[in-house]
Amino acid sequence: MAATARPAARASIVITATGNRDHRSAAGFTLIEMLAVIVLIAIAASVTAVALRGRAHGQLDATAQRVAAGLRDTRTRAMATGKPQWFSVDLRARTFAAPGREPRAWPNGATLKVTSAAEDVQQAGVARIRYFPDGSSSGGNIVLVGEHRSVRVDVDWLTGAVTVDQRHE
């Protein structure tokens with residue numbers, strides 16, 4: 001019996017240049033890919049917003065600590081020299097300064113509210129807190145107001161002690 005040769009069946013597979021084995025188009029993105037990108041963008045925006053808000057709070061707190069340090073320095077100078085010393089806040093120039101120190105600016109977007117003795121005012125727009133040689137002071141407070149919060153620096157008139165209240169709303 002002679003073997004009958006059957007022609008081999010030919011199967012054709014189309015392989016594209018990208019290695020896909022089908023005829024579907026590879027152009028475009030799937031819905032899952034688009035959703036993943038949207039979620040990543042939302043996460044990045046949230047992290048950025050939190051970081052920027054934290055930075056503004058940090059600047060306000062840091063400025064309040066610098067004001068408190070300047071007030072303490074002024075008290076120390078008054079006690080060391082035996083002469084009254086004044087801590088000044090220039091509301092027009094947006095600066096504050098301890099005696100013998102360079103004026104420092106407060107953060108952009110922040111405002112200051114100063115309560116001090118009227119007798120220590122020498123010029124309009126400049127508030128001053130006086131320290132006496134015994135460490136006491138004229139008393140007062142400085143409130144730094146930011147966009148969503150504020151920080152208060154208090155000066156006790158009897159002891160000259162300086163406190164910072166960061167929970168002041």
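In the predicted model, strand 1 and strand 2 form a hairpin in which four residues lie between the two strands, and Arg94 in the turn has a positive phi of about 60°; helices (H or I, at least four residues) and strands (E, at least two) are DSSP runs numbered from the N terminus. Strand 1 (85-90) and strand 2 (residues 95-97) pair in the antiparallel sense over three bridges, two strands being taken as paired if DSSP finds at least two bridges between them. Residues are numbered from 1 along each chain as its sequence is written, and, the model being predicted, local features need pLDDT of at least 70 and side-chain atom pairs count only at pLDDT 80 or more, whereas totals for chains, interfaces and linings use all residues. Side-chain values use heavy atoms, with hydrogens and water left out.

Strand 5 (126-131) runs antiparallel to strand 1, to which six bridges join it, and Phe87 stands opposite Ile129 of strand 5.

In a regular strand, side chains alternate between the two faces of the sheet. Strand 1 has a covered face made up of Gln85, Phe87 and Val89, and an uncovered face made up of Trp86, Ser88 and Asp90.

Phe87 also has a place in the largest nonpolar core, which has 21 residues and in which Leu71, Phe87, Ile142 and Val153 have the most contacts; such a core is a set of buried Ala, Val, Leu, Ile, Met, Phe, Trp, Tyr and Cys residues joined through side-chain atoms within 4.5 Å. At least two residues of this core come from each of helix 1 (31-81), strand 1, strand 5, strand 6 (140-145) and strand 7 (150-155), and helix 1 gives the most, with six residues. Ile142 touches, among others, Val67, Leu71, Phe87, Ile129 and Val153, residues up to four places away in sequence not being counted, where contact means heavy atoms within 4.5 Å.

Gly125 lies in the loop between strand 4 (111-116) and strand 5. With 25% relative accessibility, Gly125 counts as partly exposed, the class between buried (under 20% relative accessible area) and exposed (over 50%), for a 1.4 Å probe and protein chains only. Gly125 touches Val89, Asp90, Leu91 and Arg92, again leaving out residues up to four places away in sequence. The C-alpha atoms of Gly125 and Arg94 are separated by 9.9 Å, although the two residues are 31 residues apart along the chain.
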